[in-house]
Amino acid sequence: MDNHNGYLDYLKEGILNLLYPFSCENCGKEIKESKGYAICENCMKQIKIISYPYCYRCGKPLSSMVSFEDKVICSECARKKSFFYFVRSVTYYQGVMRKCIHLLKYKKQVKLIQPLGKIMVDYLNKNHDINIQEIDLVIPVPLFKDDFAKRGFNQSSLLAGYIADYFSISFSEDLLIKNKENLSQVGLSKSERKDNVKHIYSINSSRSIDHQSILLIDDIYTTGATVEACCKELIKTGVRNIFVLTLARGI
Ligand SMILES: [Zn+2]
Ligand SMILES: [Zn+2]
């Protein structure tokens, strides 16, 4: 969007807000000078960033620390033999963040990508566990085509695009493909959840990613089964590193 259109949009929105003031979806207070985000700035400030200590590998926030090969890792990661990627999550999936993600996914409040993407960019600028200068390619966890058609967008892809754009890194929306719908994860045990996501993802082989460092973006990390399934496909292609960044973390 060029500046001229941006300015027109701003004017249009200002006029609309004057005529039809709307309230923050979280606190109910009227938003006077909105950028169309549906959540007021005060509520946005309540979003809590996950800070150290957390597991070096999966990013799980830790109350007590266990040292393992000079890195602090959680007991679950300590049991795993190989771990070819590591995960960081920016915020907790609760409160205002939970509300934001719901508004984005189920009420199609796509404008929230801007403040939410900014939170992820700020995290990457401050937290150097992921060295953004080393990343060759940013990709999202894909949606199955029917889900994409239903929603009209992939929130993880919009976030990944925002990050790639900000840091001027290559972005590929369709490197990873989701081949089928996974069954509901609700009420399944951890091992059942893992089976559920087996063979769901594959690589679009038209692009070579040999020796590249990949940044994989998702909105929410819960059990890790999704990112693990994606990374298992990526590693087969000979990538150098895989870093995973999610906007929020469920556990
Ligand atoms: Zn509010
Ligand atoms: Zn861990």
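A crossing of two helices is called left-handed if the near helix is turned anticlockwise from the far one by less than a right angle, and right-handed if clockwise. Helices (H or I, at least four residues) and strands (E, at least two) are DSSP runs, numbered from the N terminus. The model is predicted: local features need pLDDT of at least 70, side-chain atom pairs count only at pLDDT 80 or more, and totals for chains, interfaces and linings use all residues. Residues are numbered from 1 along each chain as its sequence is written, chains are lettered from A and ligands numbered from 1 in the order in which they are written, and side-chain values use heavy atoms, with hydrogens and water left out.

Two packed helices are described by the angle between their axes and the distance between the axes. Axes are lines fitted to C-alpha atoms, for helices over the stretch in contact, and angles run from 0 to 180 degrees between N-to-C directions. Helix 4 (residues 95-106) and helix 5 (residues 113-126) have axes that come within 11 Å and cross at roughly 130°. Helix 4 and helix 5 are therefore oblique to each other (angles under 35 degrees count as roughly parallel, over 145 as roughly antiparallel, 65 to 115 as roughly perpendicular and the rest as oblique). Their crossing is left-handed. In this contact (heavy atoms within 4.5 Å), Met97, Cys100 and Leu104 of helix 4 meet Ile113, Leu116 and Ile119 of helix 5. The residues involved comprise six nonpolar, no polar and no charged (Ala, Val, Leu, Ile, Met, Phe, Trp, Tyr, Cys and Pro count as nonpolar, Asp, Glu, Lys and Arg as charged, and the others, Gly among them, as polar).

Helix 5 also packs against helix 7 (155-167). The axes of helix 5 and helix 7 come within 9 Å and cross at roughly 55°, which makes helix 5 oblique to helix 7. This crossing is right-handed. Residues of helix 5 in the contact include Ile113, Leu116 and Val121, while those of helix 7 include Leu158, Tyr162 and Phe167. By class, eleven nonpolar, four polar and one charged residues take part in the contact of helix 5 with helix 7.

Two backbone features lie in loops. Tyr52 and Pro53 are joined by a cis peptide bond with omega of about 10°, and Pro53 belongs to the loop between helix 2 and strand 3. Ser168, although not a glycine, has a positive phi of about 50°; the residue is found in the loop between helix 7 and strand 7 (170-171).
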